[in-house]
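Have the sequence and the 3D view to hand as you go.

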Amino acid sequence: MISDSVPAQTPEPEPTGGQPSVTSAARPRWLLPGAAAVAVLAVAIGLVAGMTLTNRAGAGSGTASYVPADAAVYYELRLDLPGDQRAALRSFLGHFPLLQVDKYLTDELDQQLDQLSSAAPSGYRYSTDVKPWFDGKLGFAMVGYPSMIPGAKIAFPDVLVLVGVKDATAAADLNDRVRADLTKAGATITSTSYAGVTIWLAKGGGSTETPSTTAPQQFAWAMTADQLIGGTSVDLVGKALDSHSGAAPSLASRDEFAAGIARLPADRVLTLSVDFKTLLAQVQKDVASSQPSAAAAFSQIVAQSPTYGVASARFESDRFVMDSSASLSGAAPANSDRGLAAVTPSDAIYFADGSNVGQGLAGSLNSLKSFLGASGAVTGPTLDQVEAALGGDLGSFVSWMGDTALVAGYTNSTPWVGLISKPTDGQAARSKLLQLQSILQLASVNGGPKVQISQEDHNGTQITTVHVEAGSGTPSWASTLQYAVTDQRVVIGSGDSFVARVLDMQPANSLASNPRFRAALDGVGGASNNSDFWFDLSGLRTALEPLIPADSQSVYQNSIKPWVAPFDYVIGAGKSDGQQVEGRFAVVVK
């Protein structure tokens, strides 16, 4: 049941089912609804300023209670910074020396936003027209998912915009002014009553384009005591009111949403939910309609996708953190410490590893191959020729990979990149790498770049070097590839030193023993997981700074470095819990 009706300053609603009243009959040939523009203005201003200018602590948000349960995508911004988020944001911003945090979070930004909003028609200003009633909560929802087939009747999604209200009287004053300004601009404004709440509709009209190729030239909105509800149609706004009153299910009451939210931190600035099953079902329907032969292949891709997921974002004193939780149709890989960081150089700038990578990668490649072939994007004979040249199906070239890491770094002024894998079948790995080596040699014989291949023994392990002659100006790291295969490990890398370095790696000298890496991984749940990710931003900056031209050093040191130097690293990890996968991702400053 709606908690409050339309404020007294607004026109009296017409009886339900009556003809909408027209406040202006004039129609230009084009006019995007001004109501939508004003809502976008409020949202844009809120995105920039709400986190810093709204002072309410904020209780639990009820925005999701206005969203229909079948919403395909929903995200909510808590610009009121609930719980510990205001103090955490202040601490986070304090790591940037050129930013005067106290000044920025108060008058200065307020003045800047007034200047920005003054550019809007009719002189709207943030401080006088939005800030007095805006409570800092913004919600966006895409209800359903439109067909992407050309000529489809529904080419645009139903979209809801939800803006939190803390002062209904002040919001009603702006509403009155907006309607008056829209009328003066030539828009047609109608209103109707729904469950005791007035829903307004602004129409532009006059477009010569077909509905399937242009966005809807209308915008509907309503106001309750705690919410400004905007949508692409009167019916959609009515659905939002029904969801909140309990006359229809809401997203807040949906089991998957509630269960996912329960897994996320309570104090957060962003909440996101995605109904992958609904989105992919519509895409699958489009594929079946437009390219029936590809439907079965696309179904294989859908079967490997998550069904529902939620995510959140929050500030901590020295980091911006994103948490996620997704449901899978099958069991996720088990958590483990794969030990790959223990054979990775300690100065690695980039490290990402995962469990049993080959199985999932092979399945994805084969599904993609089937889809491309069935859809006609790539002909079947072409794919067959490629696989015949490779000596096997595409998936077989990666199916031998078990736990695998992709790594990169910069050592002694030389960049490097490599792959480290624990093979599930060492002989298959040797066979596939030899096949790729033969293809390179064949291409060289047929007029391609000259390829030289050599082998050397390294403490009992054979290292194969593939060197492509690419001109005297090309460094060896860009023209040389090495690999080594044992039953325990496959190492592939650029340049002429990475492979030997990994083969000789002692755990004490590895990334796993790097104190920064260990602390970072502990911050996202520890070494036992199904995948993790490390990006050393400080290390990357240190590697690139010597490359800055001398005549640009002054600008860099004074104007750029103070903003980039505080960024320390990015870290992320995923954990399995049956058919549930949870992740944490953090950008850390120092």
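Phe92 counts as buried because its relative accessibility is 9%, where buried means under 20% relative accessible area, exposed over 50% and partly exposed in between (1.4 Å probe, protein chains only). This is a predicted model, in which local features need pLDDT of at least 70, side-chain atom pairs count only at pLDDT 80 or more, and totals for chains, interfaces and linings use all residues. Residues are numbered from 1 along each chain as its sequence is written, and side-chain values use heavy atoms, with hydrogens and water left out.

**Aromatic rings around Phe92**

- Phe96 is buried too, with a relative accessible area of 6%.
- Phe92 and Phe315 form a tilted aromatic pair, 5.5 Å centre to centre with 55° between the planes; rings of Phe, Tyr and Trp (its six-membered ring) pair if their centres lie within 6.5 Å, and planes under 30 degrees apart count as stacked, over 60 as edge-to-face and the rest as tilted.
- Because Phe92 lies in helix H2 (residues 85–93) and Phe315 in strand E9 (residues 308–316), this pair ties together parts that are 223 residues apart in sequence. Helices (H or I, at least four residues) and strands (E, at least two) are DSSP runs, numbered from the N terminus.
- Phe92 and Phe315 are both buried.
- Searching the whole structure gives 16 aromatic pairs. The pair of Phe92 and Phe96 is tilted, because the ring centres are 6.1 Å apart and the planes stand at 55°.
- Ring pairs join Phe92, Phe96, Phe315, Phe320, Trp563 and Phe567 into a cluster.

**Another buried phenylalanine**

- Phe298 lies in helix H9 (residues 295–303) and counts as buried, at 10% relative accessibility.
- Between Phe298 and Val287 there are 7.8 Å in space, C-alpha to C-alpha, and the two are eleven residues apart in sequence.

**Helix H5**

- Helix H5 (residues 168–184) has 17 residues and reaches 24 Å from its first C-alpha to its last, close to the 24 Å expected at 1.5 Å a residue; the expected span is 1.5 Å times one less than the number of residues.
- At the start of H5, a side-chain oxygen of Asp167 comes to within 3.1 Å of the backbone nitrogen of Thr169.
- The buried residues of H5 include Leu174, Asn175, Val178, Arg179, Asp181 and Leu182.
- Gly186, which follows H5, has a positive phi near 100°.

**The largest pocket**

- The largest pocket holds about 630 Å³ of space.
- Its lining has 27 residues, of which Gln304, Leu328, Ala332, Pro333 and Gly360 lie nearest the centre.
- Strand E11 (348–354), helix H10 (357–375), strand E18 (531–535) and strand E19 (567–577) are the elements that give two or more residues to the lining of the largest pocket.
- H10 gives the most to this lining, with five residues.

- Most residues other than glycine have a negative phi, and most peptide bonds are trans.
- Asn356 has a positive phi of about 45° although it is not a glycine. Asn356 sits in the loop between E11 and H10 and is partly exposed, with a relative accessible area of 32%.
- Asn412, also not a glycine, has a positive phi near 50°. Asn412 is placed in the loop between strand E12 (401–411) and strand E13 (414–423) and counts as exposed, at 71% relative accessibility.

Conventions: A polar contact is a pair of N or O atoms within 3.5 Å; within protein, one must be able to donate a hydrogen and the other to accept it, and residues adjacent in sequence count only if both atoms are side-chain atoms. On a 1 Å grid over the protein atoms alone, a cavity is a set of points where a 1.4 Å probe fits but cannot get out, and a pocket is an open set with protein on both sides within 12 Å along at least five of seven lines; lining residues have an atom within 4 Å of a point. Grid points are joined across faces, edges and corners, and a volume is the space filled by probe spheres set on the points.
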